[in-house]
Amino acid sequence: MTTFQFDNSEPIAERCLVLHPRLVNSGRGEAPRNPDASLEEACGLARAIELQIDHAEWINIAKPQPGTLFGSGTVTRIGKQIQDLHETDPVSVVFVDTALSPVQQRNLEQAWQCKVIDRTGLILEIFGARARTREGRLQVALAAFTYQRSRLVRSWTHLERQRGGAGFMGGPGERQIELDRRMIDQSIGRIKKDLADVKRTRSLHRNARKRVPHPVVALVGYTNAGKSTLFNRMTNAHVVAQDQLFATLDPTMRSIQLQTGQEAIVSDTVGFVSNLPHELVEAFHATLEEVMEADLVLHVRDASHPDSEAQKTDVLTVLAEIGIDELASRDMVEVFNKTDLMDDGAKEVLENRLNRADEPVIAVSALTGEGVDALIDIIGERLSAGYEMVDLDLEPADGATLAWLYRNGDVVERSDGEEAIHLKVRLAPAKAEQLQQQRRRQ
Ligand SMILES: Nc1nc2c(ncn2[C@@H]2O[C@H](COP(=O)(O)OP(=O)(O)O)[C@@H](O)[C@H]2O)c(=O)[nH]1
Ligand SMILES: [Mg+2]
């Protein structure tokens with residue numbers, strides 16, 4: 001199989017600058033996004049790979065410069081700022097929140113004497129760190145190699161132009177790049193083949209993965225909506241003491257105990273980003289694979305965000321694309337987060353909406369914890385809706401049925417007597433049916 005390792009030999013720089021360029025003369029007819037909100041999203045992306053932000057600003061660009069994107073005045077000013085910060089906190093990466101051409105990226109690195117990463121590069125890092133399934137990892141690797149390949153090819157043309165006059169054409173540098181490119185092409189070919197294999201056997205994988213003993217609740221939503229904060233809130237307060245399943249394996253999945261006595265697995269996911277670079281769409285969908293298998297989806301929304309409605313549409317569109325339909329809303333709960341930031345007028349509108357009982361909507365603040373217990377209750381209700389509680393006595397020797405029950409249901413109560421094991425088990429309707437048939441046959 002093909003493996004792709006993100007280069008961890010060099011730890012990612014801890015301190016960074018975040019720059020959000022705004023093209024002021026473009027996008028006629030399109031409502032410009034709020035620059036503060038866009039900058040906050042950019043910071044959220046940087047934080048998602050543990051970067052510490054020393055400084056963040058948005059910069060108006062009237063005329064993008066082919067060589068450096070920013071005008072020379074801005075390049076100098078940012079360079080000075082980096083130098084000033086250098087005395088105390090060396091900045092080692094600048095995140096420029098747009099797609100940079102390879103030439104722009106290199107020129108800025110030279111001007112600022114530090115690593116520059118663009119939006120595609122940063123999102124790739126995030127996906128790379130978070131991809132969980134084999135398909136997800138392959139999709140990310142494919143996107144990463146494709147990105148890298150375009151950089152190589154174009155930087156090669158650039159170098160060639162520089163070298164042209166000096167007569168270095170065909171020199172060692174060129175051959176090296178040719179070689180790198182060929183290696184990347186080979187890797188891309190292998191990954192594509194592996195991906196085809198994985199897709200062919202995907203349904204098998206799915207059945208295997210479905211054996212997780214508890215229902216899965218997935219948190220989805222935009223970057224910065226507060227998914228991780230809510231995840232921590234929920235799992236810290238209601239953590240299962242012996243969470244062996246995911247204790248150390250995976251920091252983005254944990255079991256929680258519901259009021260009903262049932263356990264559920266909560267899964268934090270990679271957030272949505274606005275204007276996702278198109279070459280990353282497949283990789284992004286692959287990271288959502290676990291959402292498809294979830295029993296319940298919590299759509300976490302930043303209720304205080306100015307683009308909140310547009311974000312909701314984006315999220316629902318993508319979820320529909322991967323097969324989670326808005327109409328199947330019994331599988332989805334909308335969670336309005338950050339209510340602590342809402343003004344009174346906005347709160348009233350939201351409350352009116354919450355009072356309409358037919359919509360699965362709830363308001364919380366992951367920061368203060370308000371509403372989180374109520375959310376846990378709702379999860380319990382939703383997960384047990386349609387489920388049947390079955391009381392039964394098993395012969396102590398009937399290990400097979402016992403194992404089956406643990407695998408396919410939620411054993412809520414158990415008392416082991418001499419004659420019989422008494423159990424109270426919550427079962428999905430289909431499983432309850434299956435159990436009845438089995439018992440009838442015995
Ligand atoms: N005021 C407020 N801030 C919040 C709340 N929930 C999250 N945040 C902040 O929003 C930012 C993004 O949160 P995070 O959980 O990382 O969002 P994620 O990208 O969806 O995982 C962080 O600075 C959080 O502290 C909330 O309920 N109220
Ligand atoms: Mg997060």
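Let me begin with conventions. Because the model is predicted, local features need pLDDT of at least 70 and side-chain atom pairs count only at pLDDT 80 or more, while totals for chains, interfaces and linings use all residues. Residues are numbered from 1 along each chain as its sequence is written, and chains are lettered from A and ligands numbered from 1 in the order in which they are written.

First, the overall picture. The protein contains 15 helices and 13 strands; these are DSSP runs numbered from the N terminus, with helices (H or I) of at least four residues and strands (E) of at least two. Of the 442 residues, 31% are buried. A residue is called buried if 20 or more other C-beta atoms lie within 10 Å of its own, exposed if 12 or fewer, and partly exposed in between, with C-beta atoms placed from the backbone. Among contacts with a separation of 6 or more, 72% join residues 24 or more positions apart; a contact requires C-beta atoms, placed from the backbone, within 7 Å.

In soluble globular proteins, nonpolar side chains tend to be buried together. Here the largest nonpolar core has 84 residues, and those with the most contacts inside it are Cys16, Val94, Phe95, Phe127, Val217 and Val297. Helix H5, residues 134-163, gives the most to this core, with seven residues. By nonpolar core I mean a set of buried Ala, Val, Leu, Ile, Met, Phe, Trp, Tyr and Cys residues joined through C-beta atoms within 7 Å. Which residues does Phe95 touch, not counting residues up to four places away in sequence? They are Cys16, Val18, Ala42, Ala46, Ile117 and Leu122.

Strands S1 and S3 pair in the parallel sense over four bridges. Strand S1 (residues 15-23) also pairs in the parallel sense with strand S2 (residues 52-61), over nine bridges, and Arg22 stands opposite Asn60 in S2. Two strands are said to pair if DSSP finds at least two bridges between them.

Helix H3, residues 102-112, has Gln104, Gln105, Asn107, Leu108 and Trp112 buried. These buried residues pack against helix H2 (72-88), strand S3 (93-96) and strand S4 (115-118). Just after H3, Gln113 takes a positive phi of about 55°.

Three strands form an open antiparallel sheet in the order S11-S13-S12. Strand S11 (388-394) and strand S12 (410-416) stand at the edges, each with a single partner strand, so one side of each has no neighbour in the sheet. Neighbouring strands of this sheet are turned by 15° against each other on average, direction ignored. S11 and strand S13 (residues 421-427) pair over seven bridges, with Glu388 opposite Leu427 in S13. Helix H14 (residues 399-408) lies across S11, S12 and S13, running at about 30° to S13. Helix H15 (residues 429-441) packs on the sheet as well, touching S11 and S13, and its direction makes about 25° with that of S11. For these angles, axes are lines fitted to C-alpha atoms, for helices over the stretch in contact, and values run from 0 to 180 degrees between N-to-C directions.

Now the ligand. Ligand 1 is surrounded by 17 residues, the closest being Gly226, Lys227, Ser228, Thr229 and Leu367; a residue counts as near if its C-beta atom, placed from the backbone, lies within 6 Å. Helix H8 (residues 227-237) supplies the largest share of this shell, three residues.

Finally, some loop residues. Most residues other than glycine have a negative phi. Asn224, in the loop between strand S5 (216-221) and H8, has a positive phi of about 80°. Asn224 is buried, with 23 other C-beta atoms within 10 Å. Lys338 has a positive phi of about 65° and lies in the loop between strand S9 (332-337) and helix H12 (344-355). Is Lys338 buried or exposed? Lys338 is buried, with 23 other C-beta atoms within 10 Å. His305 sits in the loop between strand S8 (296-302) and helix H11 (308-321). His305 and Ala225 are 80 residues apart in sequence and 8.5 Å apart in space, C-alpha to C-alpha.

Note on methods. Two residues are in contact if their C-beta atoms, placed from the backbone, lie within 7 Å.
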